[in-house]
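I opened the model to look up a few local features and some helix packing. These are my notes, in the order I took them.

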Amino acid sequence: MAAAGGLCRAALELYGQLRRIYEERGNVSEEPYLFETDVEICLIDDSCKSPVESFWNGSNTMYVLQKAQHHEDSDPVEESNPGDILEASKLVPKEGSGPMALPITRARWLNSLYAMVQNPNMTHLKIRQLVVLPPLWIRCDSADPQHTYWLGAEPLKAGHKITGINLYTVTCNGPTADKTCFPNLEELKTEHKMRHRSSTVMTKGFAQYELFRAPSVEDTIGDSGSRVFVDMTWKTVDKILETPPLTSTAMLNIMLESGDPGSSVYRVYRELQLLLTLAEGLKTGVTEWPERLESESAVKLVQEFLTDLKKMMFGSCTSGNGNETEEIKSDSTAAESAIKSIFSERGDLDFAEQVWCKMRSVGSYQEVVECLSQIIKSLACGDIQPWIHQGSNSLLSKLVQQSYHGKMETVSLSGITPIQMLLEIGLDKMKKDYVSFFTGRDLAALTDMEYFISTSVDLQEQVHRVQKLHHMLEIMVSSTVFLCLKHENIYLLTKICMKYYKENPLNEKHVFQLPIRPALVENFYQNDHPEIWKVDIISGHGPKEVKTTWRVSTNPPFDHMTSNNTGLFLNSTVKGSHEERMYFITLAQCSQEGEEKPFGSFLVQTHKSAVQLELLVLLVLSLCHHRPALLTNLLSLGLPGGSWCPGRSASSF
C-alpha cells in the first residue's frame with residue numbers, strides 16, 4: 001500500500017513540475033530543473049535544435065529528461081525541493097562532456113509516471129484540471145539487450161481532450177560494416193503491420209550524401225569547417241540502401257567557413273583580414289597586424305606609386321590609367337590570374353583604392369603613418385592630381401578633392417587618425433569589389449546591395465556587413481567552381497543568402513539551403529555511400545498515424561552516445577575511400593494506445609478500487625523495469641494487448 005501511494009505521489013510531483021515549467025516557460029531560467037536529485041528536465045522549443053529530429057518530427061516543444069550532472073564533490077543524495085532550479089555550480093559538466101543518459105530502468109519508470117498522469121482514466125490521482133503536456137523524451141543508457149537510447153511519450157488529443165498516447169522506443173547498434181545484419185525491407189514492413197494491425201503501409205526514403213568537407217581553418221574540433229551535402233527524399237522505397245531516384249526532392253545544404261587557403265578568393269579574404277584588424281584596432285586601441293600580403297614593404301610600394309603618378313603629370317607616361325591598372329594587376333599571384341574570370345581586380349580603381357592596394361601589406365602603425373605622410377605631402381605640393389570616384393566619403397578622398405583647389409585642411413597623423421583613414425579607404429574599395437562581383441554577374445541589382453554598402457551606420461557595423469558580403473562571395477564562388485551550379489541556381493542562392501544576412505548577424509555555421517534537381521549533383525552521389533539513409537514505414541492517417549523508422553548513419557546518431565561511451569566511437573571512414581562504410585543502425589518504433597483499443601479499459605474496468613489499481617500498476621512497472629521477459633509471458637497468458645498501461649513501451653511488450 002505504501003509503495004503504491006509512493007508511486008502516485010511521484011507521478012503527481014512529476015506532473016506538477018512539468019506543468020509548472022510549461023506554464024512559466026516565458027519566465028523560467030535557462031538552467032534545467034532538477035527532479036528527485038538525479039534527473040534534469042529541459043523544455044525545448046523551436047528556438048533550439050531538437051535532439052530527436054533524426055527520427056521524430058512531431059511538436060517543436062518537448063521535455064527532455066536526462067541525468068543531472070553534478071560536481072564530484074557534491075552530494076548525490078542531497079535533498080532538494082521539487083521545482084528547484086539546479087545551482088549553476090552543480091550543473092557544470094566536465095570539460096568536453098555532453099548530455100548524460102539515465103539508467104534504462106529509471107527512464108522506464110519516468111516514462112510510466114508521465115503516461116499515468118496523461119491518462120484521463122486515472123481519476124484516483126485526483127488531478128483537478130488535466131493539462132495536455134508537451135511530448136516527453138528521455139535519454140537512456142542503452143544498458144538493456146536492445147540498446148535503448150531514447151524512450152518517448154506523446155499524448156494524442158482532440159481539442160483539449162486526451163484520447164490516447166504514443167509510446168516510442170529508439171534503439172541503436174553498431175557501428176558495423178556488416179550489411180548482412182541489415183534487415184530486409186519486407187521484414188520491416190511485415191513487423192510494422194503485425195504491431196499496428198495494418199493491412200497496408202506506405203514508405204518514404206531519405207538519404208544524405210556528403211559532396212564536400214574541409215576541416216576548420218582554426219583547426220578546432222567538432223562540426224567546424226566547411227561542408228556541402230545534399231538531402232534526398234522520395235516516396236516508395238523498394239529496398240534497403242537503394243540509391244535515390246532522379247525524381248527525388250533534393251535540397252542542397254551549404255555550410256562554408258571563409259579563409260580556406262585553397263579557395264580562389266583567398267587573397268580577398270586576406271585583404272578582409274587587414275580590414276578587420278584595423279577595425280579592431282580602432283575599437284580597442286591595440287592592433288595585431290596580420291601577415292603581409294606583399295613581399296615588399298608598403299612604404300616602398302607607395303613611394304614607387306607616387307613617383308609614377310608624378311611622371312604621368314609631366315608627360316613621362318602616355319597611358320596613365322592603363323599602366324596604373326596593369327601595375328595593380330601585376331601584384332596578383334599566379335593563382336589569382338588563373339581564376340580572374342571569377343573574381344579579378346577591377347580596372348576602374350581610383351587613387352584612394354590604389355593607395356589601399358599598396359598599403360595592404362603594412363605591418364605596423366609606423367608604416368601607416370609614413371605612407372600617409374608621403375601621400376598628403378605630394379597632394380599638398382601639387383606633385384600629383386589624381387582622380388577619385390564620385391561619392392567617395394573617406395578622409396583621403398576629401399583631401400584629394402581639396403587639393404584640386406590648392407587648399408587642404410591640416411591632418412594630424414597621430415592617435416587613431418591614421419588607422420581610421422586606412423580603414424575608410426579599405427572599406428570603400430572592398431565594398432565596390434563586392435558590388436562589382438554580384439552586379440557584374442547578374443546575381444543582384446544595386447538596390448539589393450544597399451543594405452550591405454550603406455554608410456549611414458558606424459564604421460564597425462559597415463565592416464560587419466562587408467564580412468557578410470565576403471561570406472556570400474565565398475559561397476557563390478565555391479558553388480560555381482566546385483559544384484558547377486548553373487546561373488539560375490547561383491542567382492537563387494544569392495537571394496537566399498542576402499535575405500538571411502539582412503535579418504541576421506554573420507554566422508558561418510549557418511546552413512544555407514537551396515532546392516535543386518537531383519540531376520545537378522548526380523555525379524557526386526550515384527556511386528557513393530550515403531552518410532545517412534533511412535526508410536519510414538507508415539500506416540494510419542492524421543492522429544492515428546504510426547511510423548517505424550529504420551536508419552543508418554556514419555556518425556553516432558545521439559549526442560549522449562559519445563558522452564556515455566568515451567572513445568568507443570571512432571570516425572571509421574575517409575571521404576573517397578574504397579573501404580566499406582561503417583554504420584550505426586537505429587530503429588525507432590511506436591506503440592499507440594487509445595480509445596479504440598479500448599482506452600485504458602483493462603486498468604479501469606477490471607479493478608474496483610484505487611488501491612487495487614495502484615498495486616497492479618506497481619506490479620506492471622516492476623516487471624517493466626526488472627523482468628521484461630516475464631511481463632511478455634504474462635501478457636501472452638491473457639492480458640488484453642490493447643489496453644493503455646502506464647509503462648508499456650515497444651521495448652517492454
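**Entry 1. A residue in a loop.** I started with Arg197, which lies in the loop between helix H4 (185–196) and strand S7 (202–214). Helices (H or I, at least four residues) and strands (E, at least two) are DSSP runs, numbered from the N terminus. Arg197 has a positive phi of about 55° although it is not a glycine. I then looked up its accessibility: Arg197 is exposed, with a relative accessible area of 65%. Buried means under 20% relative accessible area, exposed over 50%, and partly exposed in between (1.4 Å probe, protein chains only).

**Entry 2. What I am working with.** This is a predicted model, in which local features need pLDDT of at least 70, side-chain atom pairs count only at pLDDT 80 or more, and totals for chains, interfaces and linings use all residues. Residues are numbered from 1 along each chain as its sequence is written, and side-chain values use heavy atoms, with hydrogens and water left out.

**Entry 3. The chain as a whole.** I noted 20 helices and 13 strands in the chain. The chain has 653 residues, of which 51% count as buried. For contacts in the chain with a separation of 6 or more, residues 24 or more positions apart account for 71%. Contact means heavy atoms within 4.5 Å.

**Entry 4. Another positive phi.** Cys484 is found in the loop between H14 and helix H15 (487–503). Its phi is near 55°, a positive value in a residue other than glycine. Cys484 is exposed, at a relative accessible area of 54%.

**Entry 5. A cis peptide bond.** I checked the bond from Gly174 to Pro175 and found it cis, with omega near 10°. Pro175 lies in strand S6 (residues 161–176).

**Entry 6. Gln146 and its contacts.** I found Gln146 in the loop between strand S4 (136–139) and S5. With 37% relative accessibility, Gln146 counts as partly exposed. Which residues does Gln146 touch, not counting residues up to four places away in sequence? They are Thr171, Cys172 and Asn173. From C-alpha to C-alpha, Gln146 and Cys172 are 7.8 Å apart in space, and they are 26 residues apart in sequence.

**Entry 7. Two buried polar side chains.** Thr148 is in strand S5 (residues 148–158). Thr148 counts as buried, at 0% relative accessibility. I found a polar contact of 2.6 Å between the side chains of Thr148 and Asp144. A polar contact is a pair of N or O atoms within 3.5 Å; within protein, one must be able to donate a hydrogen and the other to accept it, and residues adjacent in sequence count only if both atoms are side-chain atoms.

Gln589 sits in strand S13 (residues 583–594). Gln589 is buried, at a relative accessible area of 11%. Its side chain makes a polar contact of 3.0 Å with the side chain of Glu191.

**Entry 8. H12 against H13.** I took helix H12 (residues 417–440) and helix H13 (residues 446–453), which pack at an angle of about 155° with their axes 11 Å apart. H12 is therefore roughly antiparallel to H13. Axes are lines fitted to C-alpha atoms, for helices over the stretch in contact, and angles run from 0 to 180 degrees between N-to-C directions. Angles under 35 degrees count as roughly parallel, over 145 as roughly antiparallel, 65 to 115 as roughly perpendicular and the rest as oblique.

In H12, Lys431, Tyr434, Val435, Phe438 and Thr439 meet Leu446, Met449, Phe452 and Ile453 of H13. By class, the contact of H12 with H13 has seven nonpolar, one polar and one charged residues. Ala, Val, Leu, Ile, Met, Phe, Trp, Tyr, Cys and Pro count as nonpolar, Asp, Glu, Lys and Arg as charged, and the others, Gly among them, as polar.

**Entry 9. H12 against H14.** The axes of H12 and helix H14 (residues 459–481) come within 10 Å and cross at roughly 35°. On the H12 side the contact includes Leu423, Leu427 and Phe437, and on the H14 side it includes Val463, Val466 and Leu473. I counted the classes for H12 with H14 as 13 nonpolar, three polar and two charged residues.
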